[in-house]
Amino acid sequence: MRITIRLIVSLLIVVGLAVFVFSLYQVRSEERRLARDLERRSLIFAESLRESVAPLIASNRPARLSRIVERFGNRERLRGVAVFDTEGSILTLTGNLKSAIARPYPLALDAVIEKRPTGRFAMIDGRRTYICTVPVEGEDGVIVGALTVFYDTSYIDVRLREIWKDNVLRFLTLSLLLVLSTVLVVRWSITGPIARLAGWAREMRTQRGDGTSPVAPLRGDMLAPLISEVTSLAKSLAVARSRADEEVRFRLAPEFTWTSRTLKEYMKVELGNRKLFLASNREPYMHVKEGSTVKWIIPAGGLVTALDPLMKVCDGVWVAHGSADADRESVDGRNTVRVPPDDPQYTLKRIWLTKDEEDGYYYGFSNEGLWPLCHITHTRPVFRLEDWVCYQKVNGLFADALLEEIAGEESPLVLIQDYHLALVPLLVKRKRPDAKVALFWHIPWPNPESFGICPWRQEILIGMLGADLLGFHIQFFCNNFLDTVDRFLESHTDWEQFLVNRGGHSTLVKPFPISVDYPPQLSGEEAPDKDTARESILKELNVEARYVGVGVDRIDYTKGIPERFKAVERLLEKYPELVGQFTFIELGAPSRDHIRKYRELLAEVEEMVENINWRFETKKWKPIVYLKAHHSHEEIDRYYRAADLCMVTSLHDGMNLVAKEFVIARPDGDAVLILSQFAGASRELKDAMIVNPYDVEEMAEAIKAALSMTPAERAKRMKLMYDMVKENNIYRWAGKLITALAHVRVQAE
């Protein structure tokens with residue numbers, strides 16, 4: 001009913017405006033027409049009468065002149081006639097106008113002086129009147145006076161009112177017919193069929209059985225597409241219920257937590273027998289030479305932790321760059337190998353890159369271009385044409401490898417990882433539009449102004465929008481991406497559904513906050529308590545301290561390591577009582593030393609540590625211990641457990657899993673997390689001490705506050721963060737991401 005009323009009101013408003021505009025136009029046109037007609041008739045009458053009065057004025061015969069004026073002055077719509085001499089004085093005048101005419105009369109003087117007819121509309125005795133004045137010439141052509149006729153124009157107003165009245169009646173009649181026809185059409189063609197369709201759908205929804213024999217469908221050409229979709233929905237209802245029941249059983253289980261096992265069970269229900277095809281730059285298993293033998297290792301990183309159990313569930317195919325020195329020796333003729341090597345459950349397909357391709361694609365465009373561009377840390381991105389060419393070529397290699405593997409699959413699921421492979425989604429979808437393709441972007445997405453620096457911004461965006469599902473860590477990055485698409489591409493963005501529609505293809509953009517493993521997969525030995533771990537570590541470092549802080553980072557200019565060291569220096573300046581008491585341990589893993597900016601950062605960090613230690617250190621104590629090496633998970637966990645605080649001070653970061661690793665490593669709750677507001681993790685770990693890493697004073701005060709915090713406050717904060725990370729762990733992330741991909745709707749071209 002509300003829709004009908006809105007439709008009727010909208011139609012009436014539109015029709016009313018149309019009638020009003022048309023009526024206004026008609027009235028003004030009619031008014032102009034009647035005025036022109038009156039002017040023409042007045043002039044003709046005045047000129048015809050002028051021939052009669054001209055001799056009488058010249059011969060000075062006022063009596064005869066008055067009789068002529070009185071005789072012609074009572075015609076229809078003519079209010080009167082007046083005759084003037086050359087001075088504008090009245091020679092004769094119709095009686096009813098004597099009190100309304102000025103002496104001398106200006107219009108008569110104008111006509112005499114200008115020697116041409118004049119006309120104007122004026123109010124005389126409260127009535128609108130048209131006044132036409134013509135000069136009167138004698139027989140010798142000399143002007144002897146002027147003749148004026150006065151016409152009543154009230155009939156024009158009457159005519160205009162009649163037009164308004166007629167059009168109002170027409171509008172009311174038209175409105176009544178419009179309301180009746182709208183009600184009938186809506187009832188017969190829309191609301192009635194929809195009501196019947198709703199009842200039919202309700203029957204289908206509630207019918208018992210396997211859902212393969214739905215109720216006879218409703219007929220109707222107008223609703224045929226909707227009926228078809230509802231029929232398909234009804235047929236799949238039983239399967240959907242079965243999957244939902246399985247998920248509910250998992251979720252309602254006592255103390256349900258996402259683990260490797262529950263992820264496997266969940267994915268069996270969600271994927272059935274379908275495979276997952278995954279592509280990433282980094283491989284999940286590496287074969288390396290150790291003397292004369294070959295062994296396999298698992299590279300560090302949350303990506304492998306999250307997706308390895310998932311790939312085992314679905315016996316999938318993982319496409320990655322084979323970069324280890326024994327990788328080529330370990331594959332078959334199709335460049336594939338079953339992994340894990342000790343218990344094969346899925347396939348790893350390796351692609352090979354030349355040294356130049358790796359330099360241009362990985363170190364060049366990916367890490368000198370896209371990495372600083374997306375992190376906005378005041379490091380200038382470097383874009384070289386040759387790097388872009390390599391990037392396109394390598395993305396083509398990954399796409400070809402995926403297409404080869406999915407050749408025999410129906411509607412395959414393809415999951416592409418990170419900024420190294422931004423063009424792969426489009427390359428895959430062009431050849432296999434039926435594939436369901438997702439791209440997960442593990443780094444931040446900048447604002448449109450920053451991304452606009454990239455010379456190939458449109459190509460990158462178009463490549464990414466080839467995906468059906470595009471994932472970022474947080475909603476803020478999703479919003480930035482949609483703003484960027486709006487700025488640089490011709491497309492339609494649905495901000496309610498977070499969909500980008502371009503060229504008939506839709507891409508869903510959603511946040512999937514990545515996390516860490518729970519419970520942590522460590523050595524299995526009982527972990528030491530905080531005091532024992534701290535005493536052991538400080539003894540190894542030959543340092544005596546009461547408080548210990550820790551930072552764990554890959555040496556990268558986005559991590560805010562120099563700013564962190566400046567905060568430690570400022571802390572000791574402001575609070576000298578902490579000299580000899582507080583030591584900060586930085587576990588720094590060198591990376592990307594092919595790139596000059598990273599080599600410069602390494603030198604800057606080492607110099608800063610040396611200067612601060614030289615300034616404050618004592619014989620048995622130093623403020624900063626810098627351990628530059630690649631550390632295992634077990635080694636890092638020792639430092640997590642020994643620390644009073646952990647500093648994660650990224651200048652910009654997609655998520656930064658160090659923050660979550662530290663929280664999950666401290667079930668005792670006797671620690672404090674100091675976290676950058678520019679790390680994605682700050683959106684979830686709200687009970688950390690959130691700081692601006694560019695504000696050295698604020699960070700120094702945060703360290704002091706952390707060291708002064710009561711045990712109860714520390715425990716409360718850490719408990720809230722621990723529970724959050726436990727619930728939203730890496731397995732939940734993987735399950736949600738793959739579920740969203742499996743459920744995405746694909747319109748095959």
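**Entry 1: helix α21**

I started on the outward side of α21, where A712 and K716 are exposed; I take exposed as over 50% relative accessible area, buried as under 20% and partly exposed as in between, with a 1.4 Å probe and protein chains only. The model is predicted, so I read local features only at pLDDT of at least 70 and side-chain atom pairs only at pLDDT 80 or more, while totals for chains, interfaces and linings use all residues. I number residues from 1 along each chain as its sequence is written, and side-chain values use heavy atoms, with hydrogens and water left out.

Helices (H or I, at least four residues) and strands (E, at least two) are DSSP runs, numbered from the N terminus. Which residues of α21 are buried? I listed R714, M718, M721, Y722, M724 and V725. They cover an arc of only 165° around the axis, which puts them on the same side of α21; the arc is that of the directions from the helix axis to the C-beta atoms. An α-helix has 3.6 residues a turn, so residues three or four places apart point the same way.

I then looked up what covers these buried residues, and found that the cover includes α19 (657-664), β22 (672-676) and α20 (696-708). Contact here means heavy atoms within 4.5 Å.

I also checked the length of α21 (residues 711-727): at 1.5 Å a residue its 17 residues should span 24 Å, and the end C-alpha atoms are 24 Å apart, which agrees. The expected span is 1.5 Å times one less than the number of residues.

**Entry 2: α9 and α10**

I looked up helix α9 (residues 355-375) against helix α10 (residues 385-405): they pack at an angle of about 110°, with their axes 8 Å apart. That makes α9 roughly perpendicular to α10. The contact involves, among others, G360, Y361, G364 and F365 of α9, and W388, Y391, V394 and F398 of α10.

Axes are lines fitted to C-alpha atoms, for helices over the stretch in contact, and angles run from 0 to 180 degrees between N-to-C directions. Angles under 35 degrees count as roughly parallel, over 145 as roughly antiparallel, 65 to 115 as roughly perpendicular and the rest as oblique.

**Entry 3: α13, α14 and T484**

The axes of helix α13 (residues 457-464) and helix α14 (residues 475-488) come within 11 Å and cross at roughly 120°. I therefore call α13 and α14 oblique to each other. R457, Q458, L461 and M464 in α13 meet F481, T484, V485 and F488 in α14.

I followed up T484, which sits in helix α14. At 0% relative accessibility, T484 counts as buried. Leaving out residues up to four places away in sequence, T484 touches W445, P446, N447, P448, F451 and L461.

**Entry 4: backbone checks**

Where is P340 found? I placed P340 in the loop between β10 (336-339) and β11 (346-351). The peptide bond joining V339 and P340 is cis, with omega about -5°.

N335 lies in the loop between β9 (317-321) and β10. Phi of N335 is near 65°, a positive value in a residue other than glycine. N335 is partly exposed, at a relative accessible area of 26%.

R592 also is not a glycine, and has a positive phi of about 50°. I located R592 in the loop between β19 (582-589) and α17 (596-616). R592 counts as buried at 12% relative accessibility.

**Entry 5: whole protein**

I noted 22 helices and 23 strands. Buried residues make up 50% of the 749 residues. Of the contacts with a separation of 6 or more, 71% are between residues 24 or more positions apart.
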